[in-house]
Amino acid sequence: MDKWNGKVAVVTGASSGIGKETCKQLVENGMIVVGFARREDKLQELEKELKGKLGTFYYVKVDLCSEENILEAFNWVKKTLKSVDVLVNNAGVWKLSDFLGNTNDWKQMYDTNVIGLTICSREAIKIMEEIKIKQGHIININSFAGHNQISFIKDISVYAATKHSVTSITDNLRELMGMKDLPIRVTSISPGAVETEMTEEFRKSGAHKMMKAIDIVDAIMFALSAPQRVNVAEIILTPTGENILGFLKNSA
């Protein structure tokens, strides 16, 4: 990770779970990290927690359902820190809604998981191109559900559809970076069950094996630390000994 020391990383969904742990690990490895999230009180707590570490933490209150918010946030990063070297698209929403469900739930999932992610990637790449970075990296926190047809599972079908979109977006974005001959790597990290606020109901049941946020962040660090000649395209993580499809069926 030495090559990223002093470089700028933007992490979305930074107020809890995988996003929060990502910010902590990147700051401890000497990066300048900007956390995007809606809950400013949580971001302020994280800012206090990370004072005095090797790197530096900043935050911007951002609603990823608002393109205006996102553009303002990246403008702040560009003006203040002059660079974006790493983007971790971590923010995600899972509403318990199927294809006969609530339109507002669908919109929030697509706006956050797909449109917000894509806008953030576009804006980060614009900055990377403008400053002619020698190495950049975009990491999309995807899902096991983005690689498997599980729409028959109650309340997960729309979420799974958004994550299938993330799989396609990531693959196409990686190809586009190659076509444009840009030194920007693109990685998809697809976890199964993880202990986060989003999976709180499953944790309460105690019936399923689950990973911890740090396990996913370890995969992020692995992808980042690979030599520039290597693009870790996809990492799929599942809890040891857990049948993920069985997990989903039992949770339906």
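## A tour of the aromatic pairs and the parallel sheet

Three aromatic pairs are counted in this predicted model, where rings of Phe, Tyr and Trp (its six-membered ring) pair if their centres lie within 6.5 Å, and planes under 30 degrees apart count as stacked, over 60 as edge-to-face and the rest as tilted. Residues are numbered from 1 along each chain as its sequence is written; local features need pLDDT of at least 70, side-chain atom pairs count only at pLDDT 80 or more, totals for chains, interfaces and linings use all residues, and side-chain values use heavy atoms, with hydrogens and water left out. 

**Select F36 and F74.** The ring centres are 5.4 Å apart and the planes stand at 80 degrees, so this pair is edge-to-face. F36 belongs to strand β2 and F74 to helix α3 (residues 67-81), so the pair ties together parts 38 residues apart in sequence. Helices (H or I, at least four residues) and strands (E, at least two) are DSSP runs, numbered from the N terminus. Both F36 and F74 are buried, a term for under 20% relative accessible area, with exposed meaning over 50% and partly exposed in between (1.4 Å probe, protein chains only).

**Next, select W94 and Y159.** These two rings are stacked, at 5.3 Å centre to centre and 20 degrees between the planes. W94 sits in the loop between β4 and α4 (103-131), and Y159 in helix α5, 65 residues apart. W94 is buried at a relative accessible area of 17%, and Y159 is buried at 6%.

**Now display the sheet.** Seven strands form an open sheet in the order β3-β2-β1-β4-β5-β6-β7, with parallel pairing; two strands pair if DSSP finds at least two bridges between them. At the edges are β3 (56-61) and β7 (234-237), each pairing on one side only. Within the sheet, β4 (residues 86-89) and β5 (residues 136-141) are joined by four bridges, and L87 has I138 as its bridge partner in β5.

**Select β6 (184-191).** Eight of the eight residues of β6 are buried, so the strand is largely enclosed by the rest of the structure. One side carries I184, V186, S188 and S190, the other R185, T187, I189 and P191. Six bridges join β5 to β6, with I189 in β6 as the partner of I141. Four bridges join β6 to β7, where L237 is the partner of P191.

Helix α5 lies across β5 and β6, running at about 160 degrees to β6; axes are lines fitted to C-alpha atoms, for helices over the stretch in contact (heavy atoms within 4.5 Å), and angles run from 0 to 180 degrees between N-to-C directions.
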